[in-house]
Amino acid sequence: MSLGGADTAAATPAAGRGGSNPLRTEWRIGALFLAPALLLYVTIIIYPLIYSSWLSLFEWDGISPTRRFVGLDNYATLWSQNRVFWIALKNSALWTAVALVVPTSIGLGLALLLNRSFAGRGFYRGLFYFPAILSLSLCGLIWTWIYHPTLGFLNQFLGWVGLESLHRAWLSEPSIALFAVMVAAGWHNTGLPMLLYLAGLQTIPREVLEAAEVDGATAFQRFRHVTWPMLKDTTFVVLAITFINSLKVYDVVYVMTFGGPANQTQVLGTWMYFLTYNFNRIGLGTAIAVVLFGLTLIFAIPYTRKLGQES
Amino acid sequence: MSLVVAGRDSGSAVLPHAGRAAIPRIAFYVGLSLFALVWIAPVFILVFTALKSASDFAHGGTFALPERIEWANFAKAWDVGIRTYFANSALMTLVKVPAGVLIAAMAAFALTFLRLPGSRALFTFFIVGLVVPIQMTLVPLTLLLRNLDLIDSLFGLFWLYLGFGLPFAIMVMRGYMRSIPRELVEAALIDGCSWFGVFRRIVLPLSTPAVVSLLIFDGIATWNEFILAQIFLRQNSNRTLPLGLVNFQTEFSTAYELLAAAQCITIVPLVVVYLFFQRYFVDGLSGSIKS
């Protein structure tokens, strides 16, 4: 704060005391403004990021004072001996593939519908976005109740319409549990693509669409040849965010199935947690985190580059 | 009637169709409303469950109307634990969110208006935080908090929340500040205003829309945060709402009406914020992706 007086004089561009002086002052002031953010950011995100990678080269239980350097052994163990790792990897891949297509398409469809102007548009927008403001863990709890084998809405509804044959224990049958969780996650994950596409649609000039309409283009042709190409940037952002979020998914699986039955719904995010915090296998846990991060980079690199360039 | 509505909504030159638009219009509303009903059904089911008495569950299924509305479920859920979780979440959100936005605004200000070497690279460096999976940070953060004796402490968690909120907040703030004319800043400097004064009296007030958007987004994110709370909070008295709800689920696993009531209580502040600030959602986000 004591700097305040001194800066005022020096920072005045007209002061012209050699020209380098104000720049140096700006540098110092900039450092002051940036210091809190930079300090927190490096301590909370960057340093752990590097330290985790380093820890993945050790065998350690997280408690004992010594840890044994094992090189890439943890990765080899995951690769060849950890059966659940492969289940988690497969599930994460499946999860990501579904997430890239289903909630995003519904989000786009809703955005197209809700971009038209009609009475009550704001109400419908608010309603469809609503699940996105709930936490994923809460969405998981709400859907767990819907899936309840006897008291849950889903089975009762099936019984009511005479489809008792479709009754399932939705969250405890290995073949369907993961999909049941995906539905809950998709309910939450549709809002953001919808919002991003609504924002993207607002950047398309009305005249272009009207011109196409006058030229006799059908609604589908207008979408195919005008709207969709002009949403390219938005689509990229939607896919990048979806991809990154899908790989690290944790809470909704943890809440709904706890990775079960028999580890059949483990994903990379949950298996990393269980290995680290339940089995004290720090090396294996951090190795999974590194694999997860490596996969994230497929989209993360072009995404950060784009964000950096846009500025 | 239909002419007026159709005319207003198509807003284009294709009025010849307007007379026939009534039927598609109705079909549109019916289709959309049906889908909306399905979409929001889980929330209805939740509220419905929260209003039933325990004995209602014994007879009568999900579809049966509650015999009488059981408001006492909310009071009971509140008393057996939600009050503590709610207070913790509220305290965390009210302290963390403004602090985080201020720190991010300061950083964004420096990155936008001060002539610093490498400020572009520094911005990209901050953006990297958006793509780092949280799993990559958990173990080192556990060790860090353990060394500082801050495990199982809301104060310790506060710092983590602060750090994780920064990348997005800096991106949004910087995106917005770039729309503020430089000349305003330079004029103020010539008039003898200090850089701190420029930040506090000119740039921050002009950034109000971005600040409000961020307060809402970050507020919701903080209110909802689960994984860090789950790893770093242990005692019941320290738990935040998302964590407390999961705990509730195991503790009262068959008291469905209590669980539902607790979940409803969690949602109420979100609904209030959402109803009041809905328009900031689209505006705030479009500011962050389109520069």
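## Polar contacts across the interface

Across the interface of chain B and chain A, 20 residue pairs are in polar contact, both residues of each pair being at pLDDT 80 or more. On the side of chain B that touches chain A, helix H2 (residues 22-50) of chain B gives the most, with 14 residues. By class, the residues on that side are 73 nonpolar, 23 polar and nine charged. The model is a predicted one.

One salt bridge is found across this interface. B:Arg115 pairs with A:Glu26, and their closest N and O atoms are 2.4 Å apart.

## Extent of the interface

Contacts join 105 residues of chain B to 110 residues of chain A. About 9700 Å² is buried between the two chains, with 75% of that area from carbon and sulfur atoms. B:Trp39, B:Gln135 and B:Met136 supply 9% of the area that chain B buries against chain A, more than any other three residues.

## The nonpolar core

The largest nonpolar core has 191 residues. A:Trp95, A:Leu134 and A:Val252 have the most contacts inside it. Helix H4 (residues 72-113) of chain B gives this core its largest share, 17 residues.

A:Leu134 touches residues of both chains. In chain A these are A:Cys139, A:Ile142, A:Trp187 and A:His188; in chain B they are B:Asn224, B:Ile267 and B:Leu270, leaving aside residues up to four places away in sequence.

## A buried threonine

A:Thr270 sits in helix H14 (residues 268-278) of chain A. Its relative accessible area is 0%, so A:Thr270 is buried. The side chain of A:Thr270 makes a polar contact of 2.8 Å with the side chain of A:Gln266. Beyond residues up to four places away in sequence, A:Thr270 touches A:Val249, A:Tyr250, A:Val253 and A:Tyr254.

## Salt bridges within the chains

Over all chains the count is nine salt bridges. One of them joins A:Asp233 and A:Lys306, at 3.8 Å from N to O. This pair links distant parts of the chain, 73 residues apart: A:Asp233 is in helix H12 (residues 232-247) of chain A and A:Lys306 in helix H15 (residues 282-310) of chain A. A:Asp233 counts as partly exposed because its relative accessibility is 37%. A:Lys306, at 16%, counts as buried.

B:Glu186 and B:Arg182 form a salt bridge at 3.6 Å, N to O. Both lie in helix H8 (residues 182-190) of chain B, four residues apart, about one turn of the helix. B:Glu186 is partly exposed at 35% relative accessibility, and B:Arg182 is partly exposed at 36%. A:Glu213 and A:Arg222 also meet in a salt bridge, 3.7 Å from N to O. A:Glu213 is partly exposed, at 28% relative accessible area.

How values were computed. Residues numbered from 1 in each chain as written. Chains lettered and ligands numbered in written order. Predicted model: local features only at pLDDT ≥ 70, side-chain atom pairs only at ≥ 80, totals over all residues. Heavy atoms only, no water. Contact = heavy atoms within 4.5 Å. Buried area = accessible area lost by both parts, 1.4 Å probe. Salt bridge = Lys/Arg side-chain N within 4 Å of Asp/Glu carboxyl O. Polar contact = N/O pair within 3.5 Å; in protein donor to acceptor, adjacent residues only side chain to side chain. Helix = DSSP H or I, 4+ residues; strand = E, 2+ residues; numbered from the N terminus. Nonpolar A, V, L, I, M, F, W, Y, C, P; charged D, E, K, R; others polar. Core = buried A, V, L, I, M, F, W, Y, C linked by side-chain atoms within 4.5 Å. Buried < 20%, exposed > 50% of the residue type's maximum accessible area, 1.4 Å probe, protein only.
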